[in-house]
Amino acid sequence: MKKQLRVLLLLASTIVFGQSTPDELDYFIQFNGNQFSKKVTLDEILNHDALKKITNSKSDFNIKEYLSFVNLDKNTVIHGNYTSDSRPFYQITIPIKNSQDLKNFIINQISNKGQDSIPPSVVEYENYTVYTNPKESVSMAWNKEYLIFMEFLKPRLTHDNYSNLYDIPYPDYEEPVVVEETEEIEEEVVVEEESPAEWEEEGEDPVVFIENYDYEKENEAYLKQLEAERLERIVLQQEHIAFLFENGFNVPTSDKITTKADISAWINYQSVFNSIKDFSGIIQSIAKGSRDFSTDDIDSFIKGVNFNMYFDNDQARMEQIVEYSSPLASLMKKVVNRKVNKNIFKYFPNEAPLAYMSYHINSEEALNGFPAITAQMYPENKFLQREDLELLTDFIGTLLDEKAIASLMDGDFTFFLHDISQTEYTYTSYEYDENYEETAIEKTDTRNTPIFTFVCTSTHKTMGQKLLNLAERKGGLIKENNYYKVRGVENELGDLRILKDGDVMVITNGFNYINRPNASLSSQFKQQMKYNFAFGNLNMKDLMAQLAAKEHSNKDKDKMHKVSEQFETLQFQSSKKIENNKLQIEMSLHSSAADKNIILQTLDLISILNN
């Protein structure tokens with residue numbers, strides 16, 4: 001019977017781990033060696049000064065020695081499934097140069113580590129070789145072209161005996177052992193009766209200890225059970241490895257991967273969200289009667305996310321492509337399609353800022369779609385079925401005026417960092433003299449204060465002004481000319497002001513930076529807003545130069561100058577265009593030089609900063 005069960009488990013794992021790589025995988029990561037090796041060689045990276053401390057250390061692990069077996073012109077793949085109820089796993093697939101050299105290296109490593117009670121072994125089969133170490137759960141196997149690391153993991157916590165860590169049967173006893181109270185105990189109780197509330201909480205169950213129960217023996221039995229389960233998983237691993245290699249190994253593939261990227265990854269959000277089942281016990285203890293969550297509950301959410309990374313000479317770039325389900329994609333198209341309020345440009349900076357971030361959404365559309373999304377988030381229970389929840393959210397949506405709520409913050413948000421100001425301030429410190437008497441000492445120090453402006457829009461007719469009037473009446477604001485001055489923040493933020501001009505609300509401590517708007521800068525923003533609903537820029541070169549000028553330590557000043565000389569800007573943008581239910585976000589780091597790959601430039605900088 002046990003053998004038949006193992007065959008069934010192996011058949012199930014064969015379906016799960018089919019080499020076509022099903023969509024149920026939680027993640028799939030591919031290092032496109034044929035693409036990456038054209039830009040920078042591994043020797044250039046490993047021989048860099050910044051990594052020599054690692055490769056030349058006294059540790060037994062020598063990364064250069066291990067990577068010498070890897071064929072960098074082929075793709076390396078990492079994939080797996082952590083949320084599977086039946087057989088979670090991970091697998092690493094690495095292309096190799098010479099299988100015999102790898103075998104000799106492993107045998108040499110085994111002999112150097114000495115003799116164990118059950119030593120590791122290398123077993124050769126017709127088409128592949130397997131390395132087994134009884135102390136480790138991961139299996140290692142290879143043929144002439146590929147090496148894999150594979151491990152079957154312990155299934156997630158469910159309600160079955162196999163995966164429940166605390167499902168240990170305890171013996172039943174007819175009645176607990178009762179200790180008779182003596183007169184002496186009663187007298188002590190009377191004495192201690194003064195404040196029982198200090199130590200006794202109402203509603204707590206007393207701890208009952210079972211006499212003559214062998215907890216140590218029970219724990220030992222449990223540990224043996226865990227070890228038996230681990231060994232059984234290893235047997236299944238070996239059987240599955242045979243399935244992978246006996247008829248020729250096929251490298252795992254996924255249509256979610258971008259082969260033109262240096263590194264491409266896919267994260268399956270629906271599979272990850274489904275793991276919320278693990279916490280259903282907690283949820284049930286809070287809301288009695290709730291059922292388990294499932295992917296049905298998140299039908300209108302994110303399906304998955306792609307991460308594509310590119311490393312060029314002048315920049316490092318990462319694309320994040322979010323794949324929505326059809327209902328959420330339809331909603332997001334409306335949310336990101338906003339006509340920007342042109343009045344915000346009246347308070348844009350006089351000159352290019354050190355950093356900025358701009359975000360523009362249709363908050364009314366977001367609020368309109370919120371009830372439907374919320375209805376799918378909450379599970380059914382014994383009191384409310386899905387139809388009841390939909391009725392409830394429709395009722396709430398009827399009571400709430402989405403247009404009025406959205407007018408409070410209707411979707412335009414822009415932040416500018418203009419400068420870093422250094423100011424002196426005094427404070428009182430307390431010290432003790434030789435007689436241990438406290439002495440107040442007035443000291444002076446410097447503080448770096450960010451000079452910024454935050455611009456947003458609110459089309460509500462009265463709420464914004466009423467809130468400002470309320471803050472003024474309570475003493476938090478002081479009305480001066482056409483703005484309000486914030487009280488109590490002068491030491492930390494300087495001259496912080498709030499301006500309200502029609503639909504536009506401005507919070508700034510650098511009014512002189514926005515009193516003469518730059519038409520050229522506004523034009524650049526308008527161009528970005530045509531195509532992106534969110535975008536930003538950090539001028540690393542100028543920011544680090546400014547911080548260096550205000551730094552007292554010469555060592556830190558030199559490091560800041562190095563960063564300033566190495567990198568230009570860090571930028572991001574998120575497109576308004578949603579095609580095939582996918583939204584793209586892009587981030588890029590731009591270098592000042594283009595004579596070598598940006599990975600080597602970053603290692604150069606790390607080496608300098610560590611000196």
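Before the close-ups, one definition: a residue is buried under 20% relative accessible area, exposed over 50% and partly exposed in between, using a 1.4 Å probe and protein chains only. The model is predicted, so local features need pLDDT of at least 70 and side-chain atom pairs count only at pLDDT 80 or more, while totals for chains, interfaces and linings use all residues. Residues are numbered from 1 along each chain as its sequence is written, and side-chain values use heavy atoms, with hydrogens and water left out.

**View 1. The whole protein, to get your bearings.** Here you can find 20 helices and 20 strands; these are DSSP runs numbered from the N terminus, with helices being H or I of at least four residues and strands being E of at least two. Of the 611 residues, 37% are buried. The protein exposes about 37,200 Å², and carbon and sulfur atoms supply 53% of that area; accessible areas come from the Shrake-Rupley method with a 1.4 Å probe, and for residues only the protein chains shown count as cover.

**View 2. F307 in its strand.** F307 sits in strand β9, residues 302–311. Its relative accessibility is 21%, so F307 counts as partly exposed. Setting aside neighbours within four places in sequence, F307 is in contact (heavy atoms within 4.5 Å) with I263, S264, A265, I267, M318, E319 and Q320. I267 lies 40 residues away along the chain, and its C-alpha atom is 8.3 Å from that of F307.

View 3. Strands β14 (residues 477–480) and β15 (residues 483–486) run antiparallel and are joined by four bridges; two strands pair if DSSP finds at least two bridges between them. Look for I478, which stands opposite K485 in β15. Two residues lie between the strands, and N481 takes a positive phi near 55°.

View 4. A pocket is an open set of points on a 1 Å grid over the protein atoms alone, where a 1.4 Å probe fits, with protein on both sides within 12 Å along at least five of seven lines; lining residues have an atom within 4 Å of a point. Of the 50 lining residues, I63, Y66, L67, V70 and I94 lie nearest the centre. The largest share, five residues, comes from α6.
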